[in-house]
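Let's walk through this structure together, looking at charged pairs and then at pockets. Keep the 3D view open as you read.

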Amino acid sequence: MAKDNGRNVTRKETSGGRPTMTDVARIAGVSQSSVSLVLNDMSGARISAETRERVREAAQKIGYRLPSTRQDPAQAPAIEKDTIAFIVDEISTSPHPVVSLDGIRDYAFEQGLLVSAHATRSNPDLESAVLRAVLRDPAIAGVIYATIFTRKVSVPPELENVPTVLLNCYAEPRQHMAIVPGEVAGGFAATAHLTSLGHRRIGFINGEPWMDAAVDRLKGYKQALATADIAFNETLVRDGDWLPLRGYQAGLDLLAMENPPTAILCGNDLMAIGVLEAASERGLRVPEDLSVMGYDDQELARYTHPPLSTLVLPNYEMGQRAAEILIDMAIHGKRPRPMTIKVDGPLVQRGTTAMISHVAARRL
């Protein structure tokens, strides 16, 4: 058994099925990126020996396979097509596609394949040039076509006869396998966590309302309230922009209400940081007077004061799943029925959420 926040953790308490890098990160108390660096023996990373040991111990105790147990590509059966092309619109403006790339690369490496990554910057000319280069390469087995935020896409016609899996995006009509995050389930789980702590007046600072993630997280929020027999109150919902300043502004607005919420769910961790600042400015203690819940589990969520409770956006597992399906299609000749697969992420409770206090309860 490993320990997570001072308690023992067994395989049964992992995210389900085969142990994942998310499980290792949660148990070791570090980010998925740190786990990837440690388990892939990246010697240049500035990670302490203590952290490296904690990550390896967590991985071993839940049965996550270390790189040393993976198949050596040099010993794998010869594969004429041995490279996956990862094509994404943006990769440097957010950590999410980078973590997905980690998942793709790690799973592909286990199977004896490599990954080439290409960012198109949403430029049609650049995308066309990338596709021409990729499709000229005889080593390319297939393509994982991804977007930085979840949305509907038009799949380039050049990929019509190429094994292709969509990642964090989808197309209609459904002619491709698509892997997307389970955002409705995520919004539900994050809100249900707060209702389970006794909160009934829960504010929600969402993302930009035109985005799929914001629409679905709001659905999950509403469903969780209904499940707890709490009426939806639109005055407790604010639209945000995923940035700390807007979280701060919306947080001040919610906390200035005559009957303010006792808990606030934020559409991402950055806006939650803004809410923590707003609460401090109002003289409120977190979590004694106000519970704050984030979403995404970015690296910074571990370093707020107190550390931020949040819902993991399962980018790594999504990348793994996309690679698994693509390899089945391109290497093993399987032809799955086109569908959209939603991957759920676990909830991580840290220090910003707690049972509703008597002080907060009196405000209801």
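Aspartate 297 is buried in this predicted model, because its relative accessibility of 16% falls under the 20% limit for that class. Its side chain pairs with arginine 350 in a salt bridge, where the closest N and O atoms are 3.0 Å apart. Arginine 350 itself counts as partly exposed, at 21% relative accessibility. What does this pair tie together? Aspartate 297 sits in the loop between strand 11 (291–293) and strand 12 (310–311), while arginine 350 belongs to the loop between strand 14 (347–348) and helix 11 (358–361), so the contact links parts that are 53 residues apart in sequence.

Side chains of opposite charge can pair when their charged atoms come close. How many salt bridges does a search of the whole structure find? The search gives 15. Another of them joins aspartate 289 and arginine 285, with an N to O distance of 3.0 Å. Here aspartate 289 is buried, at 8% relative accessibility, whereas arginine 285 is partly exposed, with a relative accessible area of 47%.

Lysine 219 counts as partly exposed because its relative accessibility is 44%, which lies between the 20% and 50% limits.

Now to the empty space. Rolling a probe the size of a water molecule over the atoms shows where such space is left. The largest pocket holds about 490 Å³. Of the 24 residues that line this pocket, Ser94, His96, Ile148, Phe149 and Trp242 are the closest to its centre. Strand 5 (140–152), helix 7 and helix 10 (315–330) are the elements that each give two or more residues to the lining. Sorted by class, the lining of the largest pocket comprises 11 nonpolar, eight polar and five charged residues.

And which residues lie nearest the centre of the second largest pocket? They are Leu159, Glu160, Thr164, Gln175 and His176, out of 21 lining residues. The volume of this second largest pocket is about 410 Å³, and its lining has 13 nonpolar, five polar and three charged residues.

Terms used
Residues numbered from 1 in each chain as written. Predicted model: local features only at pLDDT ≥ 70, side-chain atom pairs only at ≥ 80, totals over all residues. Heavy atoms only, no water. Salt bridge = Lys/Arg side-chain N within 4 Å of Asp/Glu carboxyl O. Buried < 20%, exposed > 50% of the residue type's maximum accessible area, 1.4 Å probe, protein only. Helix = DSSP H or I, 4+ residues; strand = E, 2+ residues; numbered from the N terminus. 1 Å grid on protein atoms, 1.4 Å probe; cavity = no way out; pocket = protein on both sides within 12 Å on 5 of 7 lines; lining within 4 Å. Points joined across faces, edges and corners; volume = space filled by probe spheres on them. Nonpolar A, V, L, I, M, F, W, Y, C, P; charged D, E, K, R; others polar.
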